[in-house]
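Here is a short briefing to read alongside the model. Keep the viewer open and follow the topics in turn.

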Amino acid sequence: MSRERGNELSDLGHVLILAGGLSPEREVSLHSGARLRDALREAGVDADIADADAGLIPAVITDRPSAVFPAIHGASGEDGSIQEVLTLLGVPYVGASPDACRFAFDKPVAKAIARAAGLATPRSVTLPKETFHDLGAGAVLDRIVATLGLPLFVKPARGGSALGTTLVRAAEDLPGAMISCYAYGDIALIENCIVGTEVAVGVIDLGGGPEPLPAVEIRPLSGSYDYAARYTPGQTEFHVPARLTPAESKAAAEAAITAHQALGLRDVSRTDLIVSAGEAFFLEVNVAPGMTETSTLPMALEAAGRGLGTVCRDLLSQAAARGT
Amino acid sequence: MSIGPARDGRADDQPRTTPPEGPAAAPSHGSLVDAHVGRYAARAKDMAASEIRALFSVAARPEIVSLAGGMPYVTALPLDAVGDMAGQLVAQRGAVALQYGPAQGDPALREGICEVMALEGIRAHPDEVVVTVGSQQALDLITRIFIDPGDVVLAEAPSYVGALGTFASYQAQVVHVPMDDDGLVPGALGEALARRRAQGQRVKFLYTVPSFHNPAGVTLSAPRRAEVLSICQRAGVLIIEDNPYGLLGFDAEPHRALRADDAQGVVYLGSFSKTIAAGLRVGWALAPAGIRDKLVLAAEAAVLCNSSLAQLMVGEYLASQPWREQIKVFCELYRERRDAMLETLGAVMPRDCRWTHPGGGFYVWLRLPPGLNSKSMLPRAISSRVAYVPGTGFYADGGGAEYLRLSYCFPKPARIREGIRRLAEVIDAETEIQATFGPSRAAGGGAGPADLTGPSQ
């Protein structure tokens with residue numbers, strides 16, 4: 001089925017972008033979805049947005065899309081749930097399989113797989129809240145500080161957009177950081193803070209194998225890449241390509257490719273790294289990267305001379321051809 | 001993050017090596033995405049994406065029982081009749097309804113407003129009324145004409161988040177004055193004024209929501225109304241009386257407004273958002289002549305004039321529809337919801353919780369068990385599919401973390417009961433976490449008014 005828009009034609013047919021969801025990243029997802037929809041329509045694709053709610057399954061059954069682009073951030077969008085549902089519906093979709101999503105969305109699991117694949121990653125401890133309750137929070141926190149040192153990052157094991165994440169510089173601030181973290185989930189990742197250059201490296205695979213996009217260097221003006229810094233234009237400075245040496249750029253690109261492959265990802269991903277002393281330290285990988293005005297994947301595509309709409313159109317076409 | 005002392009995170013714990021080889025880093029000329037950074041006014045610095053706003057976005061989903069928003073239950077209006085009325089208005093008076101109008105507002109509406117205010121003992125002339133785009137605009141205009149940066153405003157503790165946002169936008173210094181179950185504490189008001197006088201600071205006005213307070217739900221008692229008037233008269237301090245809920249009492253006749261006993265020292269702000277419909281955006285200020293004249297000039301500069309259509313709709317509604325009876329319908333509806341909330345709070349809340357018992361309006365103000373923080377608890381609440389407003393949004397000084405606001409105006413009683421049950425479980429879980437780690441301090445600071453201002457506040 002063709003759709004004519006100006007002089008552009010798309011044989012893709014009707015596609016759906018899933019955006020919204022019920023995670024705390026809903027607002028980000030809605031912005032991502034809106035931008036993606038506009039970019040796809042500009043590229044001649046008949047694209048609409050749907051939320052993952054009670055109306056989704058009836059809508060898909062009634063008007064079956066040729067492919068779906070999941071843009072729901074956080075749980076249900078990135079933990080494999082929505083991918084399972086789309087598989088049950090027999091609808092092709094862009095991005096990782098349910099199993100790969102499960103590995104990638106869980107930061108400690110992703111770090112372990114990355115480490116096994118040869119990537120460096122900051123030292124860390126992963127603990128459920130019950131451990132602190134049963135063994136005594138003070139004793140456990142003392143051991144954590146003694147082992148990992150300060151400063152530390154405390155973050156939910158499953159989450160995004162820095163929600164529930166705190167940079168802890170003083171030991172007395174650790175209990176409060178743990179409380180904030182456990183408000184978002186039952187398992188916390190406590191990670192050594194590496195000094196270096198924070199970069200995000202997007203990866204796309206349009207059938208020729210995963211290819212890295214230019215690394216995006218992230219410098220929040222406040223020094224903290226928190227939620228406000230991520231989504232308020234003007235609060236973070238981005239350099240594309242990142243100001244790395246050629247060797248560092250190569251290390252960052254290779255780390256992103258390694259992560260993408262080791263986790264069994266597909267089509268598109270974004271790996272977040274700290275480059276320090278010539279080495280790229282893996283932090284996490286994202287299977288549904290943000291597409292807002294301050295998101296790094298669209299910046300990287302632009303720096304590579306590629307359009308967000310055309311790349312995502314091609315990813316959708318690839319998914320449609322692949323089937324479920 | 002590229003901050004903090006040097007630590008090498010490699011598993012073999014090798015010390016940090018020499019700095020990376022290659023050319024020195026180029027001067028920082030990256031993209032900030034926003035090309036206008038450096039041009040914004042200082043007052044725009046708090047206009048940023050926030051975690052709290054992100055959580056409220058989730059609260060809009062129907063799976064969440066939202067006890068957060070202050071949206072009136074407008075579907076209780078006779079919508080068919082209102083629709084017919086609106087259609088006839090455009091058909092018969094379209095040349096006026098769709099045209100610019102006077103900045104002070106439609107004269108017939110101003111007369112109708114005086115009739116409405118008479119229910120609270122106010123005697124006023126239509127010339128003293130300035131119609132505004134909701135009472136929020138009236139508050140904005142009042143602040144604009146009175147407040148220079150650094151001027152002191154007294155406000156209750158807690159205070160209405162929309163007002164705090166307005167005061168912040170004009171860079172006022174807000175000083176909170178305590179309340180109890182009978183509203184503003186007169187002795188504390190007197191002390192606050194005395195302290196400011198001793199410091200050589202002039203208080204420009206006292207901002208108060210005396211009836212069915214948003215967010216606290218309490219009402220200033222009749223004896224205290226006289227005391228507050230007396231204190232402010234002696235101190236020469238103007239009172240801004242914001243009264244959107246005055247006609248929404250469940251158990252008694254409307255309280256006598258402060259303005260009813262002081263025409264020169266009180267500016268009264270009124271609204272049809274809760275007695276007719278919020279979407280019409282029609283409110284007003286009742287002010288003595290000198291203030292009124294400046295308000296009209298300020299309103300002209302802000303909007304030229306209000307929506308003629310909306311004003312004529314409200315005027316026609318007051319003239320032709322049984323609006324007093326409709327207010328009674330609203331009161332019954334909100335009373336049932338209030339009762340559902342208070343009954344369930346009493347049945348399921350932990351013993352250490354305390355809450356107000358409003359006689360009208362939309363809100364209950366709840367104090368959490370000691371050590372709990374309503375801002376850091378909110379993500380857990382959203383995960384448990386219930387939403388409230390953290391108390392920190394209602395304080396200009398960073399206070400309020402031990403409180404939260406619950407609204408009963410919109411969800412049906414069964415949903416309210418379910419929401420309170422969910423909230424009780426959230427508080428239990430948070431209490432357990434607090435017992436594990438010790439008293440909660442909100443990491444990264446509390447939510448402020450800038451995080452919470454929005455249409456249904």
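What radius of gyration does chain A have, and what would a compact globule with 324 residues have? The model is a predicted one, and chain A comes out at 20 Å, which agrees with the value near 20 Å for a compact globule with its 324 residues.

**Chain A as a whole**

- Chain A contains twelve helices and 15 strands.
- The C-alpha trace of chain A spans about 65 × 45 × 35 Å along its principal axes.
- Of the 324 residues in chain A, 62% are buried.
- Taking the contacts in chain A between residues at least 6 apart in sequence, 69% join residues at least 24 apart.

**Where chain A touches chain B**

- On the two sides of this contact are 57 residues from chain A and 48 residues from chain B.
- Several elements of chain A each supply at least two residues to the side that touches chain B, including helix 1 (26–42), strand 10 (197–204) and helix 10 (246–262).
- Helix 8 of chain A gives the largest share of that side, with seven residues.
- By class, the side of chain A that touches chain B has 28 nonpolar, 18 polar and eleven charged residues.

**Helix 12 of chain B, an enclosed helix**

- Helix 12 (residues 374–383) of chain B is largely enclosed by the rest of the structure, because ten of its ten residues are buried.
- Among these buried residues are Lys375(B) and Arg380(B), as well as Met377(B), Leu378(B) and Ile382(B).
- The cover over the buried residues of helix 12 of chain B comes from both chains: it includes helix 8 of chain A, and from chain B it includes helix 1 (51–59), strand 14 (403–407) and helix 13 (413–437).
- After helix 12 of chain B comes Arg385(B), which has a positive phi, near 70°.

**Helix 1 against helix 12 in chain B**

- The axes of helix 1 of chain B and helix 12 of chain B are 10 Å apart, and the two helices pack at an angle of about 20°.
- Helix 1 of chain B is therefore roughly parallel to helix 12 of chain B, an angle under 35 degrees being the cut-off.
- Their crossing is left-handed.
- Leu55(B), Val58(B) and Ala59(B) of helix 1 of chain B meet Leu378(B), Pro379(B) and Ile382(B) of helix 12 of chain B.
- By class, this contact of helix 1 with helix 12 in chain B has six nonpolar, no polar and no charged residues.

**Helix 2 against helix 10 in chain B**

- Helix 2 (residues 79–97) of chain B packs with helix 10 (residues 308–320) of chain B at an angle of about 130°, and their axes are 10 Å apart.
- Helix 2 of chain B and helix 10 of chain B are therefore oblique to each other.
- The crossing of these two helices is right-handed.
- Helix 2 of chain B contributes residues including Met85(B), Leu89(B) and Arg93(B), while helix 10 of chain B contributes residues including Leu312(B), Glu316(B) and Tyr317(B).
- By class, the contact of helix 2 with helix 10 in chain B has nine nonpolar, two polar and two charged residues.

**A residue to look up: Val116(B)**

- Val116(B) lies in helix 3 (residues 107–118) of chain B.
- Is Val116(B) buried or exposed? Val116(B) counts as buried because it has 21 C-beta neighbours inside 10 Å.
- Val116(B) and Phe250(B) are 134 residues apart along the chain, and their C-alpha atoms are separated by 18 Å.

Technical notes:
Residues are numbered from 1 along each chain as its sequence is written. Chains are lettered from A and ligands numbered from 1 in the order in which they are written. This is a predicted model: local features need pLDDT of at least 70, side-chain atom pairs count only at pLDDT 80 or more; totals for chains, interfaces and linings use all residues. Helices (H or I, at least four residues) and strands (E, at least two) are DSSP runs, numbered from the N terminus. The radius of gyration is taken over C-alpha atoms; the globule rule is 2.2 Å times the number of residues to the power 0.38. A residue is buried if 20 or more other C-beta atoms lie within 10 Å of its own, exposed if 12 or fewer, and partly exposed in between; C-beta atoms are placed from the backbone. Two residues are in contact if their C-beta atoms, placed from the backbone, lie within 7 Å. Axes are lines fitted to C-alpha atoms, for helices over the stretch in contact, and angles run from 0 to 180 degrees between N-to-C directions. Angles under 35 degrees count as roughly parallel, over 145 as roughly antiparallel, 65 to 115 as roughly perpendicular and the rest as oblique. A crossing is left-handed if the near helix is turned anticlockwise from the far one by less than a right angle, and right-handed if clockwise. Ala, Val, Leu, Ile, Met, Phe, Trp, Tyr, Cys and Pro count as nonpolar, Asp, Glu, Lys and Arg as charged, and the others, Gly among them, as polar.
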